[in-house]
Amino acid sequence: MKYLPINPALFTNNRRRFAKAMKPNSIAIFPANPVFQENGDATYIYKPNSDVVWLSGIVQEKTMVILYPDNADANAKEVLVIQRPNELLEKWNGHLLRKDEATANSGIKNVQFVDSIESNLHLWMHHADTVYLNTNENDRLNTENPRTDLLFVHDFMQRYPLHHYDRAARIMKELRAVKTKEEIEIVKIAINITRKAFDRVLKFVKPGIMEHEVEAEITHEFIRNRATRHAYGCIIASGDRARVLHYVDNNQECKDGELLLMDFGAEYGNYNADLTRTIPVNGKFTKRQKEVYNACLAVHLYCASILKPGINYADYMNKVNVEMEKQLVKIGLISRTDIKNQDPANPVWRKYFYHGIGHHLGIDVHDLGTRNEPVKEGMLFTIEPGIYIEEERMGIRIENNYWLTKTGNVDLFKGIPITVEEIEAAMKK
C-alpha cells in the first residue's frame, strides 16, 4: 500500500466494539473478497472486503477474521487467517504478509494460515451456539451477478445446519455508521489530499483544456500524496454534461463560458473523501451562473445548519426539499402557481434536483448507516445539493463532508474555496 502504517489500536477498538454486540457463546466469521477475473488471465485491481478491513486493517486476498469472545481457549478469542507466503507466488505478485507483520498491522496476536485453519474452526464451531456470517446489506446494493458472500454463507450453513445463525451486517451497520476519532483522523488525510488536488486544478483550468487533462492533474496529486486510488469514478463534466450525475467519460473540451463540475475524492488508508465543486472554465461566473450557484450554496449551508444529532434523516431531507423549492422560486425556475398545482408524488422541484442530499461516508464511499432513524453523534455525512437546468445546459453541485458532534457538525472541508468570490480569487491567482 502507498499509505503509511495505520495504528492497529483503531482495529483493536473496532473488534472490541463488535464483540460487545455479539450474543453469548457466539462466533463471527468474516472472509475477505476474492480476486475477480477480468478478461483472459487478467484480474481486476484488488478491493478488500470493507468489514474485514474495518476489523483488521489487512488488505490481502484469502484473509479471514474470526471473533469468538467466549472461546474457552483464551488465545483464540480473535484470530486472523492469512495466506501462507509462497516463494514462487511472491516472484510474480510481490510480498505476502508474515505472521509478525500481520500482527503488527492488525493487533491480532493469533495469526494462522488459511491452509491449516480448518481443524481449529471445526473445533470452535462444535462449542459455539450462534454463528454470525457476513453479507453485503448496503441499502444501495443492486446487482444481478452471483455474490461470493452468499456462496460462502450457503456452503457454511450446509456444513453446520443445526447452529443458530445471525447477520453480522446488522451489527456492522450500527457500528460503522458511527466513526471514532481515530477513523476521522484517517479521513482527514484523504480530505487533505483531495483539497490539494482541488487547489491544483483551480490553477490549471482554462478554456480549451480537456476534461481528461483535469482528471490527470487530480490523479497526479493523489498518487504523489500516497492516496491508494480515486475513491470512485472521477466526474469531470463541463457544460451540459454536468447534468449527468455519474458522467465519467471525461473526454470533451472545457469551453469558454461553461461551468465545470468536478466530483472526486481520494482514498487513503481505505477511508474516503468526497468533494464536489463547480467552477467557471474561464475563471469568472456570469451573472446567471452566479445566481444559480448561490442558490445551490444556500441550500448547502442550510443543510449544514440543521444536520445535527437527533434529527430524523427523513425529516432532514424533507426540510431540505422545502428549502430547495424556495431557492428555485427565487431564481425563477419554478413559481408559486407551479407549487400549488404540483403532484405531491412528483413535486416540481424534482425537475431541477433529482438526487438525494447526501450519504454516509467512510470505508465505503456510500457507507453503511441509517436513512430512516435519528442520526447520531459520530456519523459522517456528505452534503451535496445540486441544481440541473436542461434548458440552460447547466449543472451545479456543491459537496463537503460533515462529521457530527454532540452539538452540531464539523465541516471537514472548511477553508477551501466554496463561494463565488473565493473560487474566482483562487482561479485568478
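**A273**

I began with A273, which sits in the loop between strand 11 (271-272) and strand 12 (275-280). Strands here are DSSP runs of E with at least two residues, helices are runs of H or I with at least four, and both are numbered from the N terminus. The model is a predicted one, where local features need pLDDT of at least 70 and side-chain atom pairs count only at pLDDT 80 or more, while totals for chains, interfaces and linings use all residues. Residues are numbered from 1 along each chain as its sequence is written, and side-chain values use heavy atoms, with hydrogens and water left out.

Is A273 buried or exposed? A273 has a relative accessible area of 0%, so I noted it as buried (buried means under 20% relative accessible area, exposed over 50%, partly exposed in between, with a 1.4 Å probe and protein chains only). I then listed what A273 touches, skipping residues up to four places away in sequence: A190, I191, T194, A231, Y232, G265, A266, L361, N401 and F413. Contact means heavy atoms within 4.5 Å. I also checked A273 against T382: they are 109 residues apart along the chain, and their C-alpha atoms are separated by 9.2 Å.

**R229**

Next I went to R229, which I found in strand 7 (residues 229-230). R229 counts as partly exposed, because its relative accessibility is 21%. Leaving aside neighbours within four places in sequence, I found R229 in contact with I45, Y46, K47, F222, G265, A266 and E267. For A266 I looked up the spacing too: R229 and A266 are 37 residues apart in sequence and 6.3 Å apart in space, C-alpha to C-alpha.

**K255**

K255 took me to the loop between strand 8 (235-238) and strand 9 (259-264). With a relative accessible area of 45%, K255 is partly exposed. Which residues is K255 in contact with, leaving aside its neighbours within four places in sequence? I wrote down S238 and V281.

**Cysteines**

How many disulfides does the structure hold? I counted 0 disulfides, a disulfide being a pair of cysteine sulfur atoms within 2.5 Å. C234 is in no disulfide, and the nearest cysteine sulfur, that of C254, is 12 Å away. C234 counts as buried, at 4% relative accessibility. For C303, the closest cysteine sulfur is in C296, at 9.2 Å, so it is too far for a bond. C303 is buried as well, with a relative accessible area of 0%.

**Helix 10 and helix 11**

C303 came up again when I turned to helix packing. Two packed helices are described by the angle between their axes and the distance between the axes. Axes are lines fitted to C-alpha atoms, for helices over the stretch in contact, and angles run from 0 to 180 degrees between N-to-C directions.

Helix 10 (residues 287-306) and helix 11 (residues 313-330) pack at about 155°, with axes 10 Å apart. That makes helix 10 roughly antiparallel to helix 11 (under 35 degrees counts as roughly parallel, over 145 as roughly antiparallel, 65 to 115 as roughly perpendicular and the rest as oblique). The crossing of helix 10 past helix 11 is right-handed, meaning that the near helix is turned clockwise from the far one by less than a right angle, with anticlockwise being left-handed. I listed A295, A298, V299, Y302, C303 and I306 from helix 10, and Y316, K319, V320, E323, M324 and Q327 from helix 11, as making the contact. By class, the contact of helix 10 with helix 11 has 9 nonpolar, 1 polar and 2 charged residues. Ala, Val, Leu, Ile, Met, Phe, Trp, Tyr, Cys and Pro count as nonpolar, Asp, Glu, Lys and Arg as charged, and the others, Gly among them, as polar.

**Helix 1 and helix 8**

Last, I looked at helix 1 (residues 9-21) and helix 8 (residues 181-204), which pack at about 135° with their axes 9 Å apart. That makes helix 1 oblique to helix 8. Their crossing is left-handed. Here L10, N14 and R17 in helix 1 meet E182, E183 and I186 in helix 8. By class, I noted 2 nonpolar, 1 polar and 3 charged residues in the contact of helix 1 with helix 8.
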